[in-house]
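Me: I have a structure open and want to learn how to read its features. Can we go through it step by step?

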Amino acid sequence: MSTGNLKDIVVNVENLEVTFDEKKIIRNVSFNVRRGEIIGFFGISGAGKTTIIRVLTCQISKKNWTGNVNVTNLSPGSKKNYAKILSNIGYVPQLEELNLYYDLTPLKNVEVFASCYGMKKKEAKNIAMELFSILDIPEDTWNKPLKKMSGGEKKRVSMAIGLIHKPDILFLDEPTTGVDAAKRYDVLSYLKKLNRRLGTTMFLITHDMEAALIVDRAAILRDGKLLEFDSNSNLITSLPNNGLVARFSIENLNEEKINIIKRFPNAPNIKTIRVGNETLEVLMDDFEKNLSKLIQFMMENGLKINAMSRDVAAFRRYFQLRIQEEEEKERLIRIQQDAIEEVEI
Amino acid sequence: MAKSKTNDNWNSGTFFNRLRYSLWRVVRQIKKEFQLLKIDKMNLVIALMMPPAIIMLFAFMSTSASVTIPVKVSVISYDSNTYVNQNNYTETTTWDNYTSKYLDAVKESELLELIEFYDASESEDEYAMETARNEMRDGNIECIIVISVEFTELLSTGYPGIIELIPDSSDAAAIQDKLNAVQDSIKIFVEENDLDPEYVLQEYEEFSIPSKYNFRYNYNMTILLPFMTFGISFVLSILVVVQEKPIPRLLLTPAQKSEILLSKFIVYSIVLALQVFLVLTVAIANGLYIAGSVIDLYLALYMLGFAGVSLGMFISTVSNTKTEANQLFFAFFILIILLSGMFVPIDAMPDYLQTIAYMLPLSHGAPIIKGILSKGKSFIGFDFFWLLGISSVLIILSFLVINRKRYEV
């Protein structure tokens, strides 16, 4: 990823707010994306990932949103810009059936979509063949009906169609959903390969934390708010002690025992994540200094440690901690509000 | 890969440049529609093979019915067989008995089966008519042929003899068959007795089907042709928009909703043109009587079919799911059929139902087709313009609905 200047910014979003039926779906979101970056939009369902992408892809009318938004230097707020923006972007939906005519062959599908961009059949075919080769779509399937292809092959044809007109930006909605575990990494590596070869800016909307492996910057959303928008490494190093974690296997682990650990006096900023039935990960300041003291504290409080290891936190852990932190903040705000209401009564 | 030159300039520039690319996209969408249609074999079979097959079936059914089932008749003769000389008022027996000759003709006709002959002259069988009527009520005969009092005398002196026909009219659709059968016997009678020109045989009534054409087949065609052309076009187009899952994705390209819908209208109009051609070819080959012109019939049927396509497309556009489209189709189809005048004449319906009936397309089908087939009328007329009006309104509504509809991937 190159850092680049303002000219390299392909998506600029400032103070975006989206409202439907007086309900605010997106709250004051701002970010920008540079040419060639892979951006991951992470969040649980209802976080607002898809809504933001729909604003960027001209699917939401301007009457439903406010703020300054530019996609390839054009505002999706003006209907006059729709056709130009749509010719500069590609989209790969979550479900292939929404992107492909299963009865037609991959090449015929390409032809249908390419024609929407005013491309001639021969030009489309040449680009398709190049993309199919990059994506390892077997040549003997190019002229067979799509319905005869495997799920993974359909997914790759879908990606090729998203790129057929050589867009500046490609939006991918849950690209790894519905793909089995082993093939998920294949899909991600194909996306990285396409990004490197074509220089296309990519937006990945996903629940799949493994997608963080290929993104240059990750956006974490919750309840329509953009909590974080930074590189994977920056996010992890912002954790206590640069994301170093101690993983404990504790006998009969329960909430009571986790609360005991949270009361460890030497590290007030201690963070815990339960990652298994009897497994807990702990992050804290002055990790090296405090680790032995933590173990001693746990034993003194009757916690039986069966095993222990240390590691650096993955993006998945950062995401969990960040969401937990936000939930905790909201819980405290609610308690405060309830207390104020009680006093007023 | 270098960025495609095409998409840099195709959407910018003048109105005509944009229009050019819009037309380009429509043409490509049309090509896509044809590719999809080609793959959907069942739809093609329904559109192109089923209508001619139904016509063939009707032709076979009608032909076999008229050939193998002669009309059962009883003949009652009041013929006196005597001749009164006007000069001297003497009564003599005629030199020739035309009643027996007519009976021979009845027996000879393949279209008639003589069940009973009653000689009611000279009060020999004064209850003949009552007996014959009872036979007809019981279903033993379908028709009573009555030979008038001075039948032989009139024919002998060069005047037309009178034969009355009393058909069983409980089956209105079969009256013409009976009339044709009796006319066949008269034709034999006239030819064998060299009665021409004294005896003038009028071959058919005004606007009825000529006797050399199969009445039953032609009668059914006035109902079947509009019903089938409208119905099949209607049913074929109800899922065209709603079942195309990639439409929302297509709309994330510069393709417009109106371009997608327009391409579908064009493709289904072309299919309709072929369908009407095949239907007419098969119908004519099987003996369709057209008093008017074939071109008029073609255009009238095309208009009816187009009304079906327009209504189908409208339903497909307003529906959100295939189930919803099928339910709407069923509701509309039942209403259209019931109020089409096929079961109850529209003029016999209450005023408010007549208003609804005349607004529906199929109610204008039978009149326009009957006018061309039997009366030789032109397709241009109130019914045609009404169909054109309905179709235009439905097309405009379809475009308005699809443009307001939210498609999201």
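This is a predicted model: local features need pLDDT of at least 70, side-chain atom pairs count only at pLDDT 80 or more; totals for chains, interfaces and linings use all residues.

Me: Start with the contact between the chains. How many residues does it take from chain B and from chain A?

Reply: Chain B gives 33 residues and chain A gives 39. Together they bury about 3500 Å². Carbon and sulfur atoms carry 58% of that area.

Me: Which polar features join chain B and chain A there?

Reply: Start with charge. Side chains of opposite charge can pair when their charged atoms come close. Here, four salt bridges are counted between chain B and chain A. One of them joins B:Glu408 to A:Arg54, at 3.0 Å from N to O. There are also 11 residue pairs in polar contact between the two chains, counting pairs with both residues at pLDDT 80 or more.

Me: Which helix of chain B gives the largest share of the side that touches chain A?

Reply: Helix 2 of chain B, with 10 residues. Helix 1 (6–9), helix 2 (15–39) and helix 9 (247–250) of chain B each supply at least two residues of that side. By residue class, the side of chain B that touches chain A holds 15 nonpolar, eight polar and 10 charged residues.

Me: Now the fold of chain B. How many helices and strands are there?

Reply: Chain B has 15 helices and six strands. Of its 409 residues, 48% count as buried. Take the contacts in chain B with a separation of 6 or more: 74% of them are between residues 24 or more positions apart.

Me: Why is strand 1 of chain B called largely enclosed?

Reply: Look at burial residue by residue. The cut-off is under 20% relative accessible area. Strand 1 covers residues 71–77 of chain B, and six of its seven residues are buried, so the rest of the structure largely encloses it.

Me: Which strands pair with strand 1 of chain B?

Reply: Strand 4 (residues 112–119) of chain B runs parallel to strand 1, joined by seven bridges. B:Val71 faces B:Leu112 of strand 4. Strand 5 (residues 143–147) of chain B also pairs with strand 1 in the parallel sense, over five bridges. There, B:Val75 is opposite B:Ile145.

Me: Back to salt bridges. How do I read one within a chain?

Reply: Ask where each partner sits, then how exposed each one is. The structure holds 34 salt bridges over all chains. In one, A:Arg184 meets A:Asp208 at 3.2 Å, N to O. A:Arg184 is in helix 6 (residues 181–198) of chain A and A:Asp208 is in the loop between strand 7 (201–206) and strand 8 (217–222), so the pair ties together parts 24 residues apart in sequence. A:Arg184 is partly exposed at 21%, whereas A:Asp208 is buried at 10%.

Me: Where do B:Lys32 and B:Glu244 lie, and are they buried or exposed?

Reply: Their side chains form a salt bridge at 2.8 Å, N to O. B:Lys32 lies in helix 2 of chain B and B:Glu244 in the loop between helix 8 (215–237) and helix 9, so the pair ties together parts 212 residues apart in sequence. Both residues are buried.

Me: Last one: what does the side chain of A:Ser87 reach?

Reply: The backbone oxygen of A:Lys84, at 2.8 Å. A:Ser87 belongs to helix 2 (residues 82–88) of chain A. Its relative accessible area is 2%, so A:Ser87 counts as buried.

Key: Residues are numbered from 1 along each chain as its sequence is written. Chains are lettered from A and ligands numbered from 1 in the order in which they are written. Side-chain values use heavy atoms; hydrogens and water are left out. Helices (H or I, at least four residues) and strands (E, at least two) are DSSP runs, numbered from the N terminus. Buried means under 20% relative accessible area, exposed over 50%, partly exposed in between (1.4 Å probe, protein chains only). A polar contact is a pair of N or O atoms within 3.5 Å; within protein, one must be able to donate a hydrogen and the other to accept it, and residues adjacent in sequence count only if both atoms are side-chain atoms. Contact means heavy atoms within 4.5 Å. Buried area is the accessible area (1.4 Å probe) that two parts lose on being put together, summed over both. Ala, Val, Leu, Ile, Met, Phe, Trp, Tyr, Cys and Pro count as nonpolar, Asp, Glu, Lys and Arg as charged, and the others, Gly among them, as polar. Two strands pair if DSSP finds at least two bridges between them.
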